[in-house]
Amino acid sequence: MLKNYLKIALLVLQRRKFFTFISLFGISFTLLVLMVATAMFDHEFGPFAPELKTDRMLGIYSVRIENSEKGYARTGASPYWFLQRYVRPLASAQKVSIYSLQRSVNSFKNGVKHELYLKRTDGEFWEILDFKFLEGGPLSAQDEKDGNMVAVINEATRRKLYGGQNAVGKTLDADGQSFRVIGVVENVPILRVTSFADVWVPLSSAKTNSYLHDGAGNFLAIILAKDRADIPRIKEELQGVLPTVQIPSPTEFNRVITAAETLFEAAARGIFANDRDAGDYSKPLFALLLLFMLLFMLLPTINLININVSRIMERASEIGVRKAFGASSWRLIGQFVVENLVLTFIGGAIALVGTMMVLKIITESGLVQYAEFQINYRIFFYGLLVALVFGLLSGVYPAWKMSRLHPVEALRGKSI
Amino acid sequence: MIKHLFKLVWNRKRSNLLIMLEIFFSFIVMFAVITLGVYYADNYNQPLGFTYEDVWNISIDMQTGTDDYWSPEMVNTTRQLYLALQDFPEIEVAAGAHSAPYSLGNRTSVNVYEGKRVEMEVNEVTDDFQKVLGVPLLQGRWFEKSDDALSWKPVIINQRLARAVFGDEDPINQNFRPWASDEDDHRVIGVVNDFRKDGEFSGLGNYLFERKRLDDPKNRPPANLLIKVRPGTPAEFEERLLSKLQAVAREWSFEVSPLVRMRETAFKFRLIPLIILGLIAGFLMLMVGLGLVGVLWQNVTQRIKEIGLRRAKGAAANDIYKQILGELVVLATFGLALGALLIVQLPLLDLIGFIRPPVYFFSMIMALLVIYGLTLTAGLYPSWLATRVQPAEALHYD
């Protein structure tokens, strides 16, 4: 029976080519926009090299140090002392890494200025993340301890500064400091908050060591769990530690608010709670994104419903015959919904090809540094799901309307 | 005639409701995108309040996580940097500022003045700031060296702030404190036309300058040094400049960028989202237009009998044309009236305060015209089709 529906669906599509074209245009355009948006979202939050263990990773992205009586606070990346004294020793974590936000620095080579993003990291950073090395190796805990002036650079920097030749052992001048290159890794897109940089150097290579005891700072942490089950335990342990934190300037500040969380949870907490409490706001953010998606689909859905309703009228006599021979309303609804899904999935296939092209254009435009947007199975399945929802939304109402046609009137070709 | 059209639309209310809904939502989408575009265009046409040509910004990273604290050494080092700049023949004049034009991040203050809540952006700048950026003064004077001796603190405000606070009174020499927590006596010494730090596309707001001194340890050292270079200074100068700065302050980091380049980045930041939104909205409208053509076409084929009867009774082809388009206009008017009714609430209830009401109304009219145009264009072909109906053919159609 399903086979018959498919056959009919394809025949109907060929009958009025203009209608088929406008339906497919609307469907593929809508799905294309949603799939491109999903690809962007996935490249920001999904697991991508070098952050492959995202299911076992938590981070400290934002710390609020406040004076709860007077109401002022300092919110943002963490000072070093907090991470070193209270996050690094967490017993339920397997590994903890402390690293700085990347900063734009200048490097001059033969009179030409290159702007590079520089990130300072410890040795654990390279054990937790899976960077792909093109040559040489990572920074080690020993480099961090000894304050060695060594650097790992990305492929793009190797090309810019050394013409793509082997760079290990060569000197890199950046921000008035001089480093020895010990490794070259594949480019990391700027969307990856945790791992992105052009140059990675040890924390201890900083120009002064005042960061060790400064009241403020721009440091973040990665917490790696042994397995997924440990994630809630780590979150709880950190919350348990917070009330015991001794702030270096206790007269000024008396409370620390933060959470061990995924990047998505951190974004949600920032949006909904302005980092003022440590709750989990990922569900509301997810609901909000879903709402945006539905809002965007509203106009295309109405448009498609309109076209579908028109198309059914053409087929009034066919429906009349089927009804006269005993087809139930439900069966007709089923048939029409299937037909509409066939149409939607054809549109989805066109959208998939279009998405690949748009992603290629965005990648080549260099709008998002080092990003190589591609379709992966997550985006594909999500696209499939959206197409299904879209097909159902736009198919059910016209189908219901069609099924209510009176057979006698339908046979006479009367309008709905 | 119009009454008759209403009746015709009403008779087919079910299928027309969906078309009306579609027009309604298209209008909302179009309005949102056009408003954003008009808002930017309106901002672009307002005076900027400074010139960016041949000005470079040196942003200083003092390697502390916050600028809430500073030591006397930091103030002294900044002063040394400033003095070092004087040695370069390429630099005409230099000044310090808390925030540089086209940079991200703002210092916003909210204060209450005689019961009025005033929100403003605050910047701290040195005496030569006006010379570097060519800020035109409307009234009063700019900061100068002799202000060191004053027993009160001078401030300079933009015209919008002067009007918001003092109305028609002369703002010069009035007392006005930028920060609610600051107990010192502050007085207005000058009024500038405007200073839009975030650039041409940014919204219009209140602005206030405080005077910054480089030789007073109680003054926060500036995070930026702005320099006016001689026209035609080559990019290589940057390297020499940086090595000199680095030699004065070994532990700090610097970033040098011409304002022209910062302006480009700021433009991209604003315009790329607008372009993407515009593209999406354009495609949505194309989709809606095509959909309307399909639906109207179907409507016409369905009403062949009715149209045939009219032709048989002597209606000219032109009358049919007018009828179909007329029905469409009635339909669109319903959808648009509903949308306009909803949108008018925004400026009336002051829901999005930073957009000026004229921008709203202009965008609304533009959106109305676009949607009317779209619907009528979509109706042209189907109504032409309707005029081709032959009475004889139509009447025995069954």
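Helices (H or I, at least four residues) and strands (E, at least two) are DSSP runs, numbered from the N terminus. This is a predicted model, where local features need pLDDT of at least 70 and side-chain atom pairs count only at pLDDT 80 or more, while totals for chains, interfaces and linings use all residues. Residues are numbered from 1 along each chain as its sequence is written, and chains are lettered from A and ligands numbered from 1 in the order in which they are written.

I begin with backbone angles. Most residues other than glycine have a negative phi, and most peptide bonds are trans. In chain B, B:Glu114 is not a glycine, yet its phi is positive, about 45°. This residue, B:Glu114, sits in the loop that runs between β3 (108–113) and β4 of chain B. Is B:Glu114 buried or exposed? The term needs its cut-offs: a residue is buried if 20 or more other C-beta atoms lie within 10 Å of its own, exposed if 12 or fewer, and partly exposed in between, with C-beta atoms placed from the backbone. B:Glu114 has 7 other C-beta atoms within 10 Å, so it is exposed.

B:Asn173 also is not a glycine and has a positive phi, about 70°. Its loop lies between α5 (159–166) and β7 (186–192) of chain B. B:Asn173 is exposed because 9 other C-beta atoms are within 10 Å.

Chain A has a cis peptide bond between A:Ala49 and A:Pro50, with omega about 0°. A:Pro50 belongs to the loop between α2 (17–45) and β1 (57–60) of chain A.

Next, strands. Strands of a sheet pair through backbone hydrogen bonds, either parallel or antiparallel. Here two strands pair if DSSP finds at least two bridges between them. In chain B, look at β8 (residues 207–211).

β8(B) has a parallel partner in strand β4 (residues 116–125) of chain B, with five bridges joining them. Opposite B:Tyr207 in β8(B) stands B:Glu121. Strand β6 (residues 153–158) of chain B runs antiparallel to β8(B), and three bridges join these two. There, B:Ile156 has B:Phe209 in β8(B) as its bridge partner.

β6(B) also pairs with β7(B), in the parallel sense and over six bridges. B:Asn158 stands opposite B:Val192 in β7(B). On β7(B) there is also an antiparallel pairing with strand β5 (residues 137–140) of chain B, over three bridges. In that pairing B:Leu137 is opposite B:Val192. β7(B) is largely enclosed by the rest of the structure, because five of its seven residues are buried.

Over to chain A, for an open sheet of three strands. Its order is β3-β2-β13, with antiparallel pairing. β3 (73–76) and β13 (255–257) of chain A are the edge strands, each pairing on one side only. From one strand to the next the twist averages 15°; axes are lines fitted to C-alpha atoms, for helices over the stretch in contact, and angles run from 0 to 180 degrees between N-to-C directions. Strand β2 (residues 63–66) of chain A pairs with β13(A) over three bridges, and A:Glu66 has A:Arg255 in β13(A) as its bridge partner.

Now a helix, α11 (residues 357–387) of chain B. The expected span of a helix is 1.5 Å times one less than its number of residues. With 31 residues, α11 should span 45 Å, and its end C-alpha atoms are 44 Å apart, which agrees. α11(B) has a kink of about 35° at B:Leu380, shortly before the proline B:Pro382. The bend at a residue is the angle between axes fitted to the seven residues ending there and the seven starting there.

Last, the two chains together. Two residues are in contact if their C-beta atoms, placed from the backbone, lie within 7 Å. On that basis 33 residues of chain B are in contact with 37 residues of chain A. Which element gives the largest share of the side of chain B that touches chain A? α7(B) does, with eleven residues.
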